[in-house]
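Open the model in your viewer and keep the sequence panel beside it. The stops below each give a selection and what is found there.

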Amino acid sequence: MIIYREKDYDAMSRRAAQVIAAEVVHKANCILGLATGSTPEGAYKCLVDWYKQGLLSFKDVRSVNLDEYKGLAPDHDQSYRYFMQSNLFDHVDICPENTRVPDGLAADSDAECAQYDAYIRSLGYVDLQLLGIGRNGHIGFNEPGDCFIKETHVVDLAESTIDANARFFATRDDVPKQALSMGIGAIMGAKKVLLCASGEEKADAVYRSVCRPITPNCPGSILQLHPNVVLVADEAALSKLIAAGVAL
Ligand code: F6R
């Protein structure tokens with residue numbers, strides 16, 4: 001695992017954007033696995049800036065997102081499709097038909113999940129998978145549990161995830177209780193994984209993912225088995241690794 005220790009959120013965002021941009025420059029028709037949430041917002045801003053400066057093109061890029069809330073329409077302002085449109089897709093030259101986010105309104109969610117996996121397989125898996133991490137160690141919406149789930153699946157969101165995401169909704173009751181999430185199989189099938197984290201509230205999840213035994217109780221810990229992981233994090237998120245002498 002390569003660890004980039006960055007000063008703060010802005011530096012983390014810039015470094016993460018550099019890793020993504022390098023992939024796009026190196027392989028113009030790469031497959032990007034994308035994430036939503038507060039963590040990647042700054043990186044997406046950098047990518048949009050660099051696109052506007054003519055330094056990058058997403059013309060031949062295809063993307064698959066990690067997850068979507070079950071029951072939210074694509075035009076709901078808290079859906080992950082809406083997030084991707086407003087933070088990245090609407091501002092760069094990616095072809096709309098080359099972007100995929102699980103359909104939160106699919107009448108048959110299990111069929112949608114199976115189709116999502118079939119699509120990822122048909123692409124030959126993802127070249128670069130961007131990940132944030134939950135305070136409880138979730139990646140995508142693979143929540144802590146008794147086992148790792150390989151396939152894209154419908155997830156009951158953990159109470160702690162609902163608490164964490166309530167900041168985006170008018171009330172906690174408005175937070176969807178379920179999501180469709182890429183499974184551990186597609187994440188681990190990525191040729192390269194870019195794990196990003198910022199803030200002290202992520203320090204424990206980062207530490208458990210990098211230094212502690214691999215367990216489905218901390219889904220991020222499975223990344224220890226991936227041969228090509230880049231961790232980009234700020235000092236607050238790395239604080240436990242720094243204290244353990246791992247990220248100096
Ligand atoms: C988002 C996703 C989640 C988030 C995680 C951290 O697509 O899959 O795993 O990466 O919940 O969220 P933030 O970045 O908002 O702290």
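Start by selecting K240, which lies in helix α8 (residues 239-243). Helices here are DSSP runs of H or I with at least four residues, strands are runs of E with at least two, and both are numbered from the N terminus. This is a predicted model, in which local features need pLDDT of at least 70 and side-chain atom pairs count only at pLDDT 80 or more, while totals for chains, interfaces and linings use all residues. Residues are numbered from 1 along each chain as its sequence is written, and side-chain values use heavy atoms, with hydrogens and water left out.

K240 counts as partly exposed, at 39% relative accessibility. Buried means under 20% relative accessible area, exposed means over 50%, and partly exposed is in between (1.4 Å probe, protein chains only). Apart from neighbours within four places in sequence, K240 is in contact with A203, D204 and Y207; contact means heavy atoms within 4.5 Å.

Next, select α1 (9-26). Its 18 residues should span 26 Å at 1.5 Å a residue, and its end C-alpha atoms are 26 Å apart, which agrees. The expected span is 1.5 Å times one less than the number of residues. Which residues of α1 are buried? They are M12, S13, A16, A17, V19, I20, A21, E23 and V24. An α-helix has 3.6 residues a turn, so residues three or four places apart point the same way. The cover over the buried residues of α1 includes β1 (2-6), β2, α2, β6, β9 (192-197) and β10 (229-234).

Move to α2 (residues 41-52), a helix of 12 residues that reaches 17 Å from its first C-alpha to its last, close to the expected 16 Å. Colour its buried residues: G42, A43, Y44, C46, L47, V48 and W50. They pack against α1, β2 (31-34), α3 (80-87) and β6 (128-131). Just after α2, look at G54, which takes a positive phi of about 80°.

Salt bridges come next. The whole structure has 9 of them, each being a side-chain nitrogen of Lys or Arg within 4 Å of a carboxyl oxygen of Asp or Glu.

- E6 and R15 meet at 2.7 Å, N to O. E6 is buried, at 11% relative accessible area, whereas R15 is partly exposed at 28%.
- K27 and D127 have their closest N and O atoms 3.0 Å apart. K27 lies in the loop between α1 and β2 and D127 in the loop between α4 (109-122) and β6, so the pair ties together parts 100 residues apart in sequence. K27 is partly exposed, at 31%, and D127 is buried, at 5%.
- D163 and R172 meet at 2.6 Å, N to O. D163 is partly exposed at 46%, and R172 is partly exposed at 32%.

Finish at the largest pocket, which holds about 520 Å³ of space. Of its 27 lining residues, those closest to the centre are G37, I133, H138, N165 and K202. On a 1 Å grid over the protein atoms alone, a pocket is an open set of points where a 1.4 Å probe fits, with protein on both sides within 12 Å along at least five of seven lines; lining residues have an atom within 4 Å of a point. Helix α5 (residues 159-165) gives the most to the lining, with 4 residues.

How values were computed. Grid points are joined across faces, edges and corners, and a volume is the space filled by probe spheres set on the points.
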